[in-house]
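Hi,

Here is the structure I promised to pass on. Please open it alongside this note, as the findings follow below.

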Amino acid sequence: MKWLLRAFFALMVVALALVAWWLFARHNPALPPAQTTEARLQDPALIARGAYLATVGDCAACHTAQGGKPYAGGRALPTPFGEVPAPNLTPDDATGLGRWSFDAFWRALHEGVGRDGHALYPAFPYTSYTRVSREDAFALFAYLKSLPPVSNQAGAPSLRFPYDLRASLATWRTLYFRPGEFAPDASQSAEWNRGAYLVQGLGHCNECHVARDNLGGLPSNETLTGGQIPAQNWYAPDLSTHAHGGLEGWSTDDIVTLLRTGQSRKGAAFGPMADVVMQSTQHMHEDDLRAIAVYLQSLPPRPVPAQRGSQVDATALLDRGGDLYDRQCASCHAKDGQGVAGVYPPLAGNTSVTEPTGINAIRIVLLGGFAPTTAAHPRPYSMPPFAQKLSDGEVAAVVSYIRHAWSNNAAPVMERDVAAYRNTPVE
């Protein structure tokens, strides 16, 4: 009897999704191909502005396959539900944006709907790009249209059932997506509004820096509160600079310096953020970086974090970790965990070390820490990997120690945590 009820419920869900999809398709018909190229798209100043906006949005990072032509697509974007290949953004008629009109491009960016009328998978972060202004979207379109066309047909998504049914996107969109351009806050400064526009829109920072639910949805009432990046297994920290925030105590200059150089007196960029700095933020204008910092500094204080209890006496683990730290780590990061300014990042007070899960510290010990190469730091110092040198138990011990030592006071990690992330795929 139970299986009949479950089957009936599943059929009802699919039926509702199909109805929602039919209504969605009626409201979003396919758009005709572009007939002419507007002369304004040839404006060099407009194209240059679009190139800058594409850099701000870090578009090439997703839309360029490893070893492939820039913006020609093909990179498989991992999600908890399977992989979604990034499409070709060059103006190739058959496989890219060659036959797209600006109206079709605007609809994709603003509403998450393709030229054929199908809903786009939210691996493309239209949940953030919907805030981009029409003028900036037009400049971005002009830049993409100016690229050399490359013939490269992206493959089909490889998603598990029922996520492979595009009809299910109608339900997802009803739950999680509301289109709408950025609206300036008249009570804030122009600099604050510029920072908010960049962070919430093209920067799409919230797509990583907040925890998603089991359906991949973003919470409507949380902004930049930190969360584990799905399928990548890194923790993107909370970005508040106030009490209990992930950047507590960071100044405007600290934030700007990190985004421009990849390093600051408070810490260094690593993992996915190192790529963002290398390909995007180091190239941004100084006033835009400062606007971002001003906006981040306006984020509110966070609640006191709940302490994750442990049923195990960690004294022996911490003692072992302290000994390993003295032998393997202190020569660079110092006995007091303060590191060396501009060379080795501090561990004391570093919220990438004390973040709730311990993932970041575990993976950096295993894989090494590689700061991004930037114009300001063309040859940054890096930390070697210890995966071959330390066992799971030793990594757990030293990570637990640095999460507890000095004033960090974060929960220890277990040997099973290290084992879980030792074999996490790295692109």
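A salt bridge here is a side-chain nitrogen of Lys or Arg within 4 Å of a carboxyl oxygen of Asp or Glu. The model is predicted, so local features need pLDDT of at least 70, side-chain atom pairs count only at pLDDT 80 or more, and totals for chains, interfaces and linings use all residues. Residues are numbered from 1 along each chain as its sequence is written, and side-chain values use heavy atoms, with hydrogens and water left out.

**Salt bridges**

The count comes to 12 salt bridges. One of them pairs D136 with R49, with the closest N and O atoms 2.4 Å apart. D136 sits in helix α6 (residues 134-146) and R49 in helix α2 (residues 44-56), so the bridge ties together parts that are 87 residues apart in sequence. Helices (H or I, at least four residues) and strands (E, at least two) are DSSP runs, numbered from the N terminus. For accessibility, buried means under 20% relative accessible area, exposed over 50%, and partly exposed in between (1.4 Å probe, protein chains only). D136 is buried at 7%, whereas R49 is partly exposed at 35%.

R302 and D238 form another salt bridge, at 2.6 Å from N to O. This pair also links distant parts of the chain, 64 residues apart. R302 is in the loop between α11 (286-297) and α12 (315-328). D238 is in the loop between β5 (235-236) and α9 (252-261). Both ends are buried: R302 has a relative accessible area of 14%, and D238 has 8%.

D254 and R265 meet in a salt bridge at 2.9 Å, N to O. D254 belongs to helix α9, while R265 lies in the loop between β6 (263-264) and β7 (267-268), 11 residues apart. Here D254 is buried at 5% relative accessibility, but R265 is exposed at 55%.

There is also a network. Salt bridges with shared partners join D253, R260, E286 and R290.

**Helix α15**

How many of the nine residues of helix α15 are buried? Eight are, so the helix (residues 359-367) is largely enclosed by the rest of the structure. The buried residues are I359, N360, A361, I362, R363, I364, V365 and L366. Just after α15 comes G368, with a positive phi of about 95°.

Best wishes
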